[in-house]
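I opened the notebook on a single protein chain and went through its fold element by element. My entries follow in the order in which I looked things up.

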Amino acid sequence: IAIIAILAAILVPNFIRARAQGLLTSCKSNLKNIATALEMYSTDSAGRYPSGLGTLAPNYLKQGLGWSY
């Protein structure tokens, strides 16, 4: 039983790290897909982005970037 506990203590942090890395990779992929979709929209709309684009960013982020919506 002690051997199993030692192996679990060694492996569990690795599994947690691997799961976190998977979530990060998934998030990056989603952000890339959103950016690609926005660029495709812009290309089809004479360089304009969707009018509601400002609603995607939270208020604290808008204030930090100096956006005025």
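Where in α1 does a kink lie? I found a kink of about 25 degrees at L11, shortly before the proline P13. The bend at a residue is the angle between axes fitted to the seven residues ending there and the seven starting there.

I noted the provenance next. This is a predicted model, in which local features need pLDDT of at least 70 and side-chain atom pairs count only at pLDDT 80 or more, while totals for chains, interfaces and linings use all residues. Residues are numbered from 1 along each chain as its sequence is written, and side-chain values use heavy atoms, with hydrogens and water left out.

**Overall.** I counted two helices and zero strands in the protein chain; helices (H or I, at least four residues) and strands (E, at least two) are DSSP runs numbered from the N terminus. Of the 69 residues, 7% count as buried, where buried means under 20% relative accessible area, exposed over 50%, and partly exposed in between (1.4 Å probe, protein chains only). The accessible surface comes to about 6,100 Å², and 67% of this belongs to carbon and sulfur atoms. Accessible areas come from the Shrake-Rupley method with a 1.4 Å probe, and for residues only the protein chains shown count as cover.

**Helix α1.** I checked its span: 43 residues reach 64 Å from the first C-alpha to the last, close to the 63 Å expected at 1.5 Å a residue. The expected span is 1.5 Å times one less than the number of residues. I10 has its place in this helix, residues 2-44. I recorded a nonpolar surface patch formed by I3, I6, L7, I10, L11 and F15, with about 630 Å² of accessible area together.

I looked up A46, in the loop between α1 and α2 (59-65). Its phi is near 55 degrees, a positive value in a residue other than glycine. A46 counts as exposed, at 64% relative accessibility.

**S42 and Y49.** Leaving aside neighbours within four places in sequence, S42 is in contact (heavy atoms within 4.5 Å) with G47, R48 and Y49. Y49 lies in the loop between α1 and α2 and is partly exposed at 39%. With the same exclusion, Y49 touches L38, E39, Y41 and S42. The C-alpha atoms of Y49 and L38 are separated by 6.8 Å.

Terms used
Patches are made of residues with over 30% relative accessible area and no salt bridge: like charges are joined within 9 Å, nonpolar side chains (Val, Leu, Ile, Met, Phe, Trp, Tyr) within 5 Å. A salt bridge is a side-chain nitrogen of Lys or Arg within 4 Å of a carboxyl oxygen of Asp or Glu.
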